[in-house]
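Here is a brief report on one protein chain. Look over the sequence and the fold, then read on.

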Amino acid sequence: MSMIRTENICKNFGDLQVLKDVSLTVEPKEVVCIIGPSGAGKSTYLRTLNHLEKINNGKIYIEDKLLDHYENGERKFKLPAHERQQALLDVGMVFQRFNLFPHRTVIENVMIAPINVRKVSKEAAREKAVDLLNRVGLGDKLNVYPAQLSGGQQQRVAIARALAMEPKIMLFDEPTSALDPELVGEVLSVMKKLAEDGMTMVVVTHEMGFAREVADRVIFMADGKIEEEGTPQQIFQQPKSDRLKQFLKSVISA
Amino acid sequence: MKFLKDVIGWIPSLLDGAKVTISLTLVAVGAGLILALFLALGKMSKKKWLNKFCSGYIFFFRGTPLLMQLYFVYYGLPQLTPVLTINNRFFAAFIAFALNSAAYTAEIIRAAIQSIDKGQFEAAHALGMTYAQTMKLIIVPQSIRRLIPPVGNEFIMVLKDASLVSIIALADITKVTRSISSSTASAMVYIPAMILYLIITAVFSFIFNRLEKKYSVYENN
């Protein structure tokens, strides 16, 4: 069984084709990092996986269940709304800009979805939230509002909030791009721990060090396509395509 | 000296008028607010007919004078069909003002909701919340703080527009003032009446300021 499988995903913004036949399969417990120049379609692809972006063509499977099937802009198959919602509960997401709920305290941010969506009791949700916030090192910030936290702390709360729904897959959309350089490490180390615990992860990132160290597989995207993929070793030590060589040169010299 | 004595004599009637003005404003803006929330959500809906209906409603009530709407509710509706006869003047005024206020408040609410960062909708979606849950738990609560200043403004507008009800012989501050003025053949009663309006406005401005502070606790500490 694969956790995520996409076949020939295409997406247009008007006349601009931002995704061109992206096919990718993610196995259980696999950590896949997607790298590439900006505008390559990395984030857009990630967002199609939990329906934040509509696709124009292709199939999306989550845990071998077909969620969506489009052919040339025409919808061929759609899972009923509640079944789709159920399937997507297994997919958690962390955003570049954190998107914490500013009117709720840290612990409420983590509890709100389990209580209202999973219908977990308040006590159980609180216990779980405390545990998760301790795991991301924020056990002493339970009752403050997000605006009082640093970017790195906010992103760690966002990770705890996503984990509270007990997803089987975690999507990370450039989780450290909005952070000051000195705060990147604390977020990456939480993600690394998550990977070690066996979470299936798809990470769009500019952190080559993280990709090299943590990823099982690295996908290099350029111009809306998967240009090259392989183990970190293959991608970073023996790049084949000129596009990738050029990209690696530019990120390393930077 | 005589003027002061007169003023003291007018106070009880003016205060009776103030009761009508304030209670009408409170219930009309309150009911308008609830109706406005549905109108605003309707206007943002993807359902075409709902969207059209709400847009049409707002267009009508903002595009015609409140005075005419009030006339029509009190005098016109009974002629349209006797079922819609409203004998109670206060209730007639309430209906007209609430319907009218809802149109203005709907646009305020829509603007407040649309000013919420798109990322909030996306985060709620990613956590599996339905549209209704997202609105109820995430979007509307955050809109409230942004709503308070313009709704406070709307409240004060309605408070003053409420003087229109004197044309259906409802005894608000303005109606009372006019009666006193004609019976004393003097316009001096307008001075305490206007001061009374100012006092009421000041009190409600203060309340709205406090509310705004209360709902700002989570922002930038």
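Predicted model: local features only at pLDDT ≥ 70, side-chain atom pairs only at ≥ 80, totals over all residues.

Chain B is built from eight helices and zero strands. Read from the N terminus, its elements run α-α-α-α-α-α-α-α.

| Property of chain B | Value |
|---|---|
| Box filled by the C-alpha atoms, along the principal axes | roughly 70 × 55 × 25 Å |
| Share of the 221 residues that is buried | 43% |
| Accessible surface | about 11,900 Å² |
| Share of that surface from carbon and sulfur atoms | 70% |
| Distance between the mean positions of the 21 positive and 10 negative charges | 4 Å |

Now the patch. Chain B carries a nonpolar surface patch of about 840 Å². Its members are B:F3, B:M188, B:I191, B:I195, B:I199, B:V203, B:F206, B:I207, B:L211 and B:Y215. Which helix gives the most to the nonpolar patch? Helix α8 of chain B, residues 190-214, does, with seven residues.

Take B:V203 as a case. This valine sits in helix α8 of chain B. Why can B:V203 be called partly exposed? Its relative accessible area is 41%. Patch members need over 30% relative accessible area, and B:V203, at 41%, is one of the residues that make the patch.

Definitions and conventions. Residues numbered from 1 in each chain as written. Chains lettered and ligands numbered in written order. Heavy atoms only, no water. Helix = DSSP H or I, 4+ residues; strand = E, 2+ residues; numbered from the N terminus. Buried < 20%, exposed > 50% of the residue type's maximum accessible area, 1.4 Å probe, protein only. Areas by Shrake-Rupley, 256 points an atom, 1.4 Å probe, with all protein chains shown as cover. Lys, Arg positive; Asp, Glu negative; His and termini not counted. Charge placed at Lys NZ, Arg CZ, Asp CG, Glu CD. Patch = residues over 30% accessible without salt bridge, like charges linked within 9 Å, V, L, I, M, F, W, Y side chains within 5 Å. Salt bridge = Lys/Arg side-chain N within 4 Å of Asp/Glu carboxyl O.
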